[in-house]
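I set out to record what I looked up in one structure, entry by entry. The sequence and the structure come first.

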Amino acid sequence: MRRIGATSKDRSCLVCGGKTSVAHMGLDVCRACTVFYRRSIGRAYTCRTSSNECPIRTEGTNCRKCRFDIIDRVVKKSGLLAQCKSSESDDSQGPSTSSDDVMIGQSISADATNKCTYECKLQQFYPATFGSMTSSNRIFLSAAMTFGSTTFPEFCNFKDNEQWTIIKNFLFRFRFFEGTHRAGKAFPEKLDRTLAGYTTYMAGENADNYYSDCPSPGSHLEDAKRLMLQMSKTVWVENREFVERLKPDDNEFLAIAGIMFWTFEDLPVSEEAIRLSERYRTEILQELHFYYR
């Protein structure tokens, strides 16, 4: 996916003739054709005219078989498949710096979501505690600050207190979503669990253990435990079921992260921050529109 805000000279797509400002898959192929090709691998299509020579245009409904065949010929002629296979067998070669190369590489060699599921199942998870949750939040805040400053250049120009306000707001939204998303892969049969960190999980049944290292439990400790148990049976289950229905792929997951980052509602931020939030949310939704074409 092209970095938001980047510009380059338009080129003609080798498949449909449409304009593209970046070289998807390392080729002059537009985003729409790239996404179509990625989602069509392994599917069987039938030519609409039985000629296998249908014209492909930027507008209207195209013959899916002919469109896929043209893209496939372009990809094979370029030698991209051979390069991907060579890259997989060479452990010393670093990852590509182009996210479009990564996307097509995933579609050819492996499904990234299945890989994540496999790794989650192999990974050992431990019950979270108040202390481990605090440490995880600190790590996440640092990572979120890096995400904001490297993905959205204008974020670096905000004042420190405004950056901190935005990051804390993002933490609350994204932390819960990300933990719910990964919990579905780590504990597919246990809907009352959510991940609290990279290797820790929260469950109502572990409320006693969770608060065991709380420095100042106070008089409301038992209420906090009951609330945690109640949330595990209601809110966590509902969120798990929702994300399971959503089933976001890698690109959709990143889009959701970007939208969450720039959703302020009633936060005390500057007019410039509000303007940028509207702009970035619009651009991300436009990217998704092209992704689904």
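My entries on a sheet, a residue and a helix follow.

**Basis.** I worked with a predicted model, in which local features need pLDDT of at least 70 and side-chain atom pairs count only at pLDDT 80 or more, while totals for chains, interfaces and linings use all residues. Residues are numbered from 1 along each chain as its sequence is written, and side-chain values use heavy atoms, without hydrogens and water.

**Sheet.** I looked up the strands (DSSP runs of E, at least two residues). I found an open sheet of 3 strands in the order β3-β5-β4, with mixed pairing. β3 (126-127) and β4 (193-195) stand at the edges with a single partner strand each, so one side of each has no neighbour in the sheet. Two strands pair if DSSP finds at least two bridges between them; β4 and β5 (residues 200-203) run antiparallel and are joined by 3 bridges. I noted that T194 has M202 in β5 as its bridge partner.

**M228.** I located M228 in helix α9 (residues 221-233). Is M228 buried or exposed? Its relative accessibility is 6%, and buried means under 20% relative accessible area (1.4 Å probe, protein chains only), so M228 counts as buried. Beyond its neighbours within four places in sequence, M228 is in contact (heavy atoms within 4.5 Å) with residues including M202, A203 and W236.

**Helix α11.** Helices are DSSP runs of H or I, at least four residues. I read α11 as residues 250-261. Its buried residues include F253, A257 and F261. At its start, a side-chain oxygen of D249 comes to within 3.2 Å of the backbone nitrogen of N251.

Technical notes: Expected span 1.5 Å × (residues − 1). Buried < 20%, exposed > 50% of the residue type's maximum accessible area, 1.4 Å probe, protein only. Polar contact = N/O pair within 3.5 Å; in protein donor to acceptor, adjacent residues only side chain to side chain.
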